Amino acid sequence: MNKYGILIALLCLLGFSCTDNSDEPDDGNGLNWSLSRGDAGLSGYTSRTLPKKPTLLWRFKSEVRTVSSPIVYQGTTYWCDRRGLVRGVDASGNLAFSYDLKTQVEATPMIHDSVLYIGRLDGWLSAISLAQQDTLWNFETEGQISASPNRVSFEGQQAIVVGSYDNYLYCIGDQSGQLINRFESGYYLNGSVALWKKHVLFGGCDAWLRIINCQSGLPTDSVELEAYVPASPAVMGDYVYVGDYAGNIYEFSLDKGKITHTRKIQEGSEAGASFVSVPAITDKTLFILSADRYLYAFNRLDGSLNWKYLMKGNTGESSPLVCDDKVLVCTKSGLISIIDAEEGELLWEYDAGEQIIGSPAIIKGRFLILTAKGTLLCFGEQENAG
């Protein structure tokens with residue numbers, strides 16, 4: 001057996017799989033990207049392929065600032081600006097949906113079954129019917145909600161899970177808007193939670209990574225890291241990856257709600273390589289964007305560094321997205337880059353001319369980028385450009 005065959009066999013034994021936790025939000029036509037990281041585990045991986053020769057098909061300018069990532073449902077792209085206006089732009093670049101929450105918003109929305117769920121800075125979580133263009137319910141917390149909600153199923157219940165600055169993690173019935181349970185973390189929750197089976201995982205500014213059983217609302221395990229966690233963890237299969245502000249990257253093995261093994265893939269240094277983006281994971285590789293301007297690619301099997309690519313300018317808070325064999329990366333400096341996942345070579349680059357804070361979205365034949373200024377960019381095959 002050659003080296004490649006041995007590697008694949010070892011990965012199978014370890015339980016690594018691109019499909020273990022993908023649960024890509026798709027109704028079969030490839031036109032949905034209804035969670036900001038592509039799946040409930042926040043893995044940042046999709047088997048969808050990027051256009052071979054990307055070109056800008058159209059742009060939509062809202063001229064209102066946002067920190068949201070774009071999400072897509074049935075071909076229409078949604079986001080909310082900081083003033084609280086939810087917009088939906090169709091596949092041709094025309095405004096197709098508008099709903100004013102009349103309050104400040106920073107969170108990225110989530111969509112399931114034609115209902116958009118979004119947290120607000122006034123502490124409310126809102127469920128909005130896209131068909132009726134009306135609020136179905138509001139749930140009140142006692143602190144601002146800055147993170148994108150996630151969704152979990154257990155024993156026939158469908159629930160929305162979101163953290164608040166009131167130090168609580170909430171599990172709320174998706175149809176009723178009623179509290180199922182909540183967990184007091186001891187510190188405010190800024191990032192999104194990652195789903196692992198009926199559990200969620202999240203890190204905080206208190207430097208703890210916690211695992212919560214959504215059915216009971218009780219913690220099953222926790223571990224203190226060396227520094228606070230600015231971004232969400234990412235899950236694939238029974239493994240979770242998280243970076244901290246000191247530049248450490250951790251891998252945790254999970255079983256029955258417990259951490260069974262811990263490995264530090266990257267040791268923090270004084271070089272300023274803090275991690276404020278969410279990792280992206282494939283069966284073989286972990287990708288993460290660092291404040292030292294590098295995109296790192298680590299071998300998941302042995303933790304070694306495959307390659308690192310120096311980005312141009314400030315990387316900011318956007319998180320990379322792995323699309324089959326390529327990595328799509330946006331930076332605060334406004335550059336959109338496609339990098340070969342195996343070799344770490346730049347394949348394509350585009351200067352948006354505006355800061356980018358959110359993460360990309362990809363649907364069939366296209367990918368979408370939302371700038372901090374509220375400009376939505378749609379890229380596709382060159383022959384489809386209008």
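## Group meeting: a predicted chain, strand by strand

Let me open with a pairing. Strands β31, residues 361–363, and β32 run antiparallel to each other, with three bridges between them. Isoleucine 363 has its bridge partner in β32, and that partner is arginine 366. Two residues sit between the strands of this hairpin, and glycine 365 has a positive phi near 80° there.

One thing to keep in mind: this is a predicted model.

Stay with β32. On to its pairing with β33, residues 375–381: the two are antiparallel and joined by five bridges. In that pairing, leucine 368 is opposite cysteine 378 of β33. This is a hairpin too, with four residues between β32 and β33. Glycine 374 lies in the turn and has a positive phi of about 90°.

Is β32 enclosed or open? Strand β32 covers residues 366–370, and four of its five residues are buried, so the rest of the structure largely encloses it.

Now step back to the whole chain. How many helices and strands does it have? The protein chain holds one helix and 33 strands. For 386 residues, a compact globule would have a radius of gyration near 21 Å. The chain comes out at 19 Å, which agrees with that. Along the principal axes, the C-alpha atoms fill a box of roughly 60 × 55 × 40 Å.

Burial next. Of the 386 residues, 60% are buried. The accessible surface is about 15300 Å², and carbon and sulfur atoms supply 44% of that. For contacts with a separation of 6 or more, 48% are between residues 24 or more positions apart.

Charges, quickly. There are 32 positive and 45 negative side chains in the protein chain. The centres of those two sets are 4 Å apart.

Next, another hairpin. Strand β21, residues 249–255, is antiparallel to β22, and seven bridges join them. Phenylalanine 252 faces threonine 262 of β22. Two residues separate the strands in this hairpin. Lysine 256 is not a glycine, yet its phi is positive, at about 50°. Buried or exposed? Lysine 256 is exposed, because its relative accessible area is 73%, and the cut-off for exposed is over 50%.

Follow β22 along. It spans residues 258–266, and glutamine 266 belongs to it. Glutamine 266 has 19% relative accessibility, so it counts as buried. The cut-off is under 20%. What does glutamine 266 touch, leaving out residues up to four places away in sequence? Gly247, Asn248, Ile249, Phe275 and Phe298.

Compare that with threonine 55. Threonine 55 is in strand β2, residues 54–61. At 21% relative accessibility, threonine 55 counts as partly exposed. Tyrosine 350 is 295 residues away in sequence, but the C-alpha to C-alpha distance is 9.0 Å.

Here is another pair of that kind. Phenylalanine 202 and valine 242 are 40 residues apart in sequence, and their C-alpha atoms are 9.3 Å apart. Phenylalanine 202 sits in strand β16, residues 199–203. Its relative accessibility is 3%, so phenylalanine 202 is buried. What surrounds it? Beyond its neighbours within four places in sequence, phenylalanine 202 contacts Leu169, Phe183, Ser185, Leu189, Val193, Trp208, Leu209, Arg210, Ile212 and Pro233.

Glutamine 74 and glutamate 267 are 193 residues apart in sequence and 42 Å apart in space, C-alpha to C-alpha. Glutamine 74 is in the loop between β3, residues 71–73, and β4, residues 76–80. With 48% relative accessibility, glutamine 74 counts as partly exposed.

Where is it? Glutamine 133 is in the loop between β9, residues 124–129, and β10, residues 134–140. Glutamine 133 is not a glycine, but its phi is positive, about 50°. Glutamine 133 has a relative accessible area of 39%, which means it is partly exposed.

To close, back to where we began. Questions, please.

Conventions
Residues are numbered from 1 along each chain as its sequence is written. This is a predicted model: local features need pLDDT of at least 70, side-chain atom pairs count only at pLDDT 80 or more; totals for chains, interfaces and linings use all residues. Side-chain values use heavy atoms; hydrogens and water are left out. The radius of gyration is taken over C-alpha atoms; the globule rule is 2.2 Å times the number of residues to the power 0.38. Buried means under 20% relative accessible area, exposed over 50%, partly exposed in between (1.4 Å probe, protein chains only). Contact means heavy atoms within 4.5 Å. Accessible areas come from the Shrake-Rupley method with a 1.4 Å probe; for residues, only the protein chains shown count as cover. Lys and Arg count as positive and Asp and Glu as negative; His and the chain ends are not counted. The place of a charge is taken as NZ of Lys, CZ of Arg, CG of Asp or CD of Glu. Two strands pair if DSSP finds at least two bridges between them.
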